[in-house]
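Trainee: Could you walk me through how to read a model like this one? I would like the general idea for each feature, then the case at hand.

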Amino acid sequence: MKSISAGPGDPADFSMAYLEGVNLLLNERGNDAVEALLPLLETHPEMAETHLSLGRVFRKRGEFEHAIRVHENLLRHAGDAPQKQQALLELAQDYLKAGLLDRAEQAFQAVLQNKPDELTALHALAELFELQQDWVKAIQIRQRLVDLGLAEEKSVIAILYCELAESYLQQQNLQDASRALRLAYDSDPDSSRGTLLAGRLAFSAGHTEQALAIWRALLESRPESFGLVLDDFLMAVDRLDNPELQREIRLQLICSQLPRHLSPRIAEWIARQVGLEQAINYLYQQAQHTGASAEDLKSVLRIYRQSRAQAGGAHGGCQDIEDFVDLLPEQGVVYQCCQCGYRSPTHYWKCPGCRHWDTMRSQGELIHA
Ligand SMILES: [Zn+2]
């Protein structure tokens with residue numbers, strides 16, 4: 001007997017079409033899978049959940065175009081308001097991952113219009129504004145998260161205010177920079193990035209001693225963060241016309257438990273300040289605790305070369321040794337994310353691996369932790 005109901009509405013045909021779609025998906029034929037599965041939604045609205053997941057699978061695989069097609073189709077055929085909202089949220093995340101930032105922002109804002117406390121949308125929108133370095137908008141969104149009870153967002157807001165202050169500082173706009181910095185401290189009075197910046201702000205305004213006082217407090221309380229400001233710090237000490245204070249600061253620097261990768265830079269500075277002997281002595285003391293590194297050895301050599309050049313440039317007989325030392329490998333990774341393990345020779349305030357704020361630690365810090 002011939003079946004009267006042919007087409008995707010028929011249970012047997014539906015099963016066949018569904019299986020075919022899943023097979024195509026498993027065989028990495030995303031385009032064909034979408035063509036096979038999308039029409040099923042029109043006749044079987046109960047499949048909405050499956051389509052949500054299907055879109056997520058595409059997004060996870062990096063097949064954003066397919067994810068967007070699936071979720072757009074779902075949005076068009078959504079039966080009720082919660083389903084529509086869910087489809088819109090997924091679609092917004094597809095756009096974000098695909099780098100279609102304007103469309104992502106619009107979609108997230110639409111989600112939040114329906115449900116202002118949708119945490120996924122708020123987090124994603126903050127991420128989106130941070131990607132665009134729109135710090136003011138990112139702060140507004142993170143503030144909404146704080147208002148919803150997520151107190152840990154406060155320290156992120158402090159960092160965002162520091163980003164804002166830094167951008168003002170780059171434009172030499174010291175007034176707005178200090179205003180942003182005050183707001184950073186309001187949000188997190190312990191912000192170590194705030195302290196780094198407060199010193200740089202004082203230094204930029206020509207208040208060298210004030211800058212040094214701020215950074216010395218940081219050197220005392222958070223030596224692990226001090227590397228980020230070391231070059232500015234040494235420049236400020238050089239600028240001081242106060243030998244007594246310079247001596248005091250030098251001693252503090254020598255006695256501090258700083259990350260080891262900073263030792264060569266400090267040794268070369270000591271050599272310039274008070275001479276070769278004290279610089280080598282400092283490096284030797286440091287190496288006694290943790291062992292000497294290739295960077296230490298290169299630093300010793302640079303100090304000898306400089307001192308020899310100052311003494312008239314006579315070439316001694318150690319060129320062979322110098323050639324060997326030059327072949328030592330450069331120091332590798334210095335910073336590592338304590339959340340995801342991302343490693344980099346550069347410090348990032350926001351980890352490029354996991355997108356968490358203020359999770360990069362210098363290696364010395366990790367060894368002591
Ligand atoms: Zn990370």
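This is a predicted model: local features need pLDDT of at least 70, side-chain atom pairs count only at pLDDT 80 or more; totals for chains, interfaces and linings use all residues.

Trainee: Let's begin with confidence. What is the mean pLDDT of the chain?

Mentor: pLDDT is the predictor's confidence in each residue, on a scale from 0 to 100. Here the chain has a mean of 87, and 92% of its residues reach 70 or more.

Trainee: Now a helix. How far does helix 9 reach from its first C-alpha to its last?

Mentor: The expected span of a helix is 1.5 Å times one less than its number of residues. Helix 9 covers residues 153-170, 18 residues in total, and reaches 26 Å, close to the expected 26 Å. Just after helix 9, Gln-172 takes a positive phi of about 60°.

Trainee: Which residues of helix 9 are buried, and what covers them?

Mentor: Buried means that 20 or more other C-beta atoms lie within 10 Å of a residue's own; 12 or fewer makes a residue exposed, anything in between partly exposed, and the C-beta atoms are placed from the backbone. In helix 9 the buried residues include Val-156, Ile-159, Leu-160, Tyr-161 and Ala-165. Their cover includes helix 8 (135-147), helix 10 (174-187) and helix 11 (192-204). Take Ala-165: beyond four places in sequence, its contacts are Ala-177, Ala-180, Leu-181, Ala-184 and Leu-197.

Trainee: How many residues does the largest nonpolar core have?

Mentor: In soluble globular proteins, nonpolar side chains tend to be buried together. A nonpolar core is a set of buried Ala, Val, Leu, Ile, Met, Phe, Trp, Tyr and Cys residues joined through C-beta atoms within 7 Å. The largest one here has 78 residues, and those with the most contacts inside it are Ala-92, Leu-125, Leu-160, Tyr-161 and Ala-165. Helix 9 gives the most to this core, 10 residues. Domain 1 (7-132) and domain 2 (259-331) both contribute residues, so the core lies between them. Those domain bounds come from an automatic or database domain assignment.

Trainee: In what order do the strands of the sheet run?

Mentor: Two strands pair if DSSP finds at least two bridges between them. Three strands form an open sheet in the order 2-1-3, with antiparallel pairing. Strand 2 and strand 3 are the edges, each pairing on one side only. Strand 1 (residues 335-337) pairs with strand 2 over two bridges, and Tyr-335 stands opposite Ser-344 in strand 2.

Trainee: Is Arg-361 buried or exposed?

Mentor: Arg-361 is found in strand 3 and is buried, because 20 other C-beta atoms lie within 10 Å.

Trainee: Where is Asp-358 found, and why does Asp-358 count as partly exposed?

Mentor: Asp-358 is in the loop between strand 2 (343-344) and strand 3 (360-362). Asp-358 counts as partly exposed because it has 19 C-beta neighbours inside 10 Å. Leaving aside neighbours within four places in sequence, Asp-358 contacts Ile-159 and Trp-349, and that Ile-159 is one of the buried residues of helix 9.

Trainee: Last topic: how should I read a positive phi?

Mentor: Most residues other than glycine have a negative phi. Gln-133 has a positive phi near 55°; this residue lies in the loop between helix 7 (119-131) and helix 8. Gln-133 is exposed, with 10 other C-beta atoms within 10 Å. Arg-355 has a positive phi of about 65° and is found in the loop between strand 2 and strand 3. With 13 C-beta neighbours inside 10 Å, Arg-355 counts as partly exposed.

Methods. Residues are numbered from 1 along each chain as its sequence is written. Helices (H or I, at least four residues) and strands (E, at least two) are DSSP runs, numbered from the N terminus. Two residues are in contact if their C-beta atoms, placed from the backbone, lie within 7 Å.
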